[in-house]
Amino acid sequence: MSPRKTQALQAVPVNSPMEDWLRMDRMPHIWCPGCGIGTAVNAFVRAVEKTGIPREKIAVVSGIGCTGRVAGYLKLDSFHTTHGRAIPFAIGLKLANPELHVVVFSGDGDLIAIGGNHFIHAARRNVNITVICVNNFTYGMTGGQVAPTSPKFSMATTTPYGSLEAPFNLAHLADSSGASYVARYTTYHVRPLANTIKQALSKNGFSFVEVLSPCPTLFGRRNRLGDGLDIMRIFKEKSIRRDGLSTDAATVDLKNGPIIVGRFKDQPREAFLDVYNDAMTKALGKDRFRPYGPVTMRNPKGDGDGDGGR
Amino acid sequence: MHSIKEAVLTGIHFIDGDVACAEGAIAAGCRFSAGYPITPSTEVVERLAVRFPMVGGMFVQMEDELASSIAIIGAAWGGVKAMTVSSGPGISLMQEHIGLAVITETPTVWINVQRCGPSTGLPTLPAQGDMMQAQWGSHGDYPTLALCPNSPQEAFDLTIRAFNLAERYRTPVLVLLDEAVGHMLEKVVIPDADDIEVDARRFTDKPPSEYKPYECSEGSMVPDLAPVGQGYYFHVTGLTHDERGYPIMTADTQVDMMHRLMNKIDLEDVTDVRESEVDDCEVLVVSYGITSRVAERAILDARRQGLRVGHLRLVTVWPFPEQIVRDRATQDSVQRVVVPEMNLGQMVREVERTVAGARPVRLVGHPGGAVHDPNVILEAILEETS
Ligand SMILES: Cc1ncc(C[n+]2csc(CCOP(=O)(O)OP(=O)(O)O)c2C)c(N)n1
Ligand code: SF4
Ligand SMILES: [Mg+2]
């Protein structure tokens, strides 16, 4: 068994083997030994099991990247979309079918660089979805280019003399854009991460979980951080948990520490659909407004009701 | 299946093409739209924003056209009929997601109210400059289904047809209006809901254990969809995939997938070409959209002067109706073919390719900003080519 597979199976509760949740006919997966993405997937599955949400009501949407492959390995209704656009796809899916728990699982480049505009607007709009961002500080899939999360002066193939730009603090970005729930953990923190994802899934509104994750093959090697285990050691030694800390103070310094983790924000505000239904009822009156309700209002077979939906 | 009464504004209306298009979408069962404002298409979504809440639908103004064009794909997978609407620069931004809708076989409708390009061009004035983009705008090979209305009435009718074809073939369908049709006020008759045929979404009969997302039943080239949230656990990807929907990075898989994608549309079913006095015509005019109405005037004038002029109006512009154009253009009586269009030569290339030198083909181009002067088309019709 390859090291990556060992890692993928370790942290899973025995009562429901990880295999149940994966498309085993697609194994082996593409992730490198020591990569943190599998650990994030484990935490997610564990979280889903704990929520008790019926499995068929969870849909996963990914963009493009190493993390973008997550959707393809999970045995759920799953969507592998285009680079940067997982969030607006998820918004369409959720608004069409509000019964679903829609989870976006994607990378830092995907969600914050090319998809950055969608990220801030989704937080502002507060549609009830959960976004899990695997932040490995680089573009893994394309070979280790600089990302908007790369630490200043870190090495990447497109910044061979060091990155010159300051990285985003994703938690702060999500918070200031209006997210209801904001947390950060690393792949070292498997249990708290799973608990946090569980919490995020149960929140009404836009919830955001950042998962700092090793990319030993590219970011780790190029920045002399060692292999996957070495990076996990950095996560372990330099992390400080500060629940409720103002997100602007929740910084990440891989080199000198600290790496601040925890649940920073848990301030539910009315989610988009609730606002919509309330406001339209007021504007149009009960007689004229046809509430934008759950999918049970429509016939899934699409025959009979004539409007193919609502 | 028919449209539903409460949603359809049955009656005689005096509305523009944009509003008619929005009403057509509602009559066809569309209940989700995402868009970003851009002239001259904005009135479509403004109408939807007013009307959707009364019929159980929703319009969301997204942050840009990239978001809009993929939100409708997400909504379609959520089980709702969905469309997006844009013009010029916005349509250019949406191209990647037309490809995504093609490869994932997502029934969606894309309204393009054409304006002048390139770039910001003439935002408030008409053009037919996106005809080739409609077929070739996204990367890779793919079949395009595109309809071209020449009046507000047709904007209504063809938007319904676009939704029906999208469901029938599980593919994006484009409706190519232009600023003139979009902003033209005319009589539009909206029939009784019972008289509006609507194709329902086709879901699989199979249980999850037997279902494969891209497997076709006997005699069909269009796979059935599975409803989301019902335990099918299907996977959808923009990568080349097999019948299971799993990405397979091989040339063989690409060959199989492309073969089906390129052949799944029944040409006879989708082709709509209107003929007028084409038997025995000496000159054949091939046109579409607003230009067909301008050409009609020139054709009448030419006929008054004793010339036998036939008119082929392409309502389905993609897939290009090769068979009909070839048969008509090369019939014995035809001496020449005239193609007026509000661009500098796009669909004329298809006509030339189809006629393959058997008859002279004359372009009457116009860079857009105004419709043709009918006399310019008339001159071209009358002018003998040596
Ligand atoms: C429009 C577009 N531009 C560029 C690419 C190439 N590309 C694929 S993945 C990727 C970066 C992925 O980085 P990230 O989201 O951080 O994922 P990771 O691989 O690190 O998990 C890029 C640039 C693409 N697929 N589409
Ligand atoms: S390249 Fe990096 S992110 Fe991608 S699988 Fe390998 S370790 Fe993981
Ligand atoms: Mg990354």
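Predicted model: local features only at pLDDT ≥ 70, side-chain atom pairs only at ≥ 80, totals over all residues.
**Chain A overall**

- Chain A has 310 residues, and 60% of them count as buried.
- Going by secondary structure, you'll find 11 helices and eight strands in chain A.
- Take the contacts in chain A with a separation of 6 or more: 66% of them come from residues 24 or more positions apart.

**Around ligand 1**

- Ligand 1 has 16 residues around it, and the ones that come nearest are Cys66(A), Thr67(A), Asp108(A), Asp110(A) and Gly140(A).
- Cys66(A) puts a backbone N or O atom 2.7 Å from an oxygen atom of ligand 1.
- With Asp108(A), the side chain does the work: one of its N or O atoms sits 2.7 Å from an oxygen atom of ligand 1.
- For Asp110(A) we're back to the backbone, with an N or O atom 2.6 Å from an oxygen atom of ligand 1.
- On its own, ligand 1 has 590 Å² of accessible area, and the protein covers 77% of that.
- Helix α5 of chain A (residues 108-114) gives the largest share of the ligand 1 shell, namely four residues.
- By residue type, the shell around ligand 1 splits into nine polar, five nonpolar and two charged.

**Around ligand 2**

- Cysteines turn up several times around ligand 2: its surroundings include Cys32(A), Cys35(A), Cys66(A) and Cys215(A).
- Trp31(A), Asn136(A), Pro216(A), Thr217(A) and Leu218(A) also surround ligand 2.
- The ligand 2 shell comes out as seven nonpolar and two polar residues, with no charged ones.

**A hairpin in chain B**

- Over in chain B, strand β5 (residues 108-116) and strand β6 (residues 122-126) run antiparallel and are joined by two bridges.
- Cys116(B) has Leu122(B), in β6(B), as its bridge partner.
- Five residues lie between β5(B) and β6(B) in this hairpin.
- In the turn, Ser119(B) has a positive phi of about 55°.

Key. Residues numbered from 1 in each chain as written. Chains lettered and ligands numbered in written order. Heavy atoms only, no water. Near = heavy atom within 4 Å. Nonpolar A, V, L, I, M, F, W, Y, C, P; charged D, E, K, R; others polar. Buried < 20%, exposed > 50% of the residue type's maximum accessible area, 1.4 Å probe, protein only. Contact = heavy atoms within 4.5 Å. Pairing = 2+ DSSP bridges. Polar contact = N/O pair within 3.5 Å; in protein donor to acceptor, adjacent residues only side chain to side chain. Areas by Shrake-Rupley, 256 points an atom, 1.4 Å probe, with all protein chains shown as cover.
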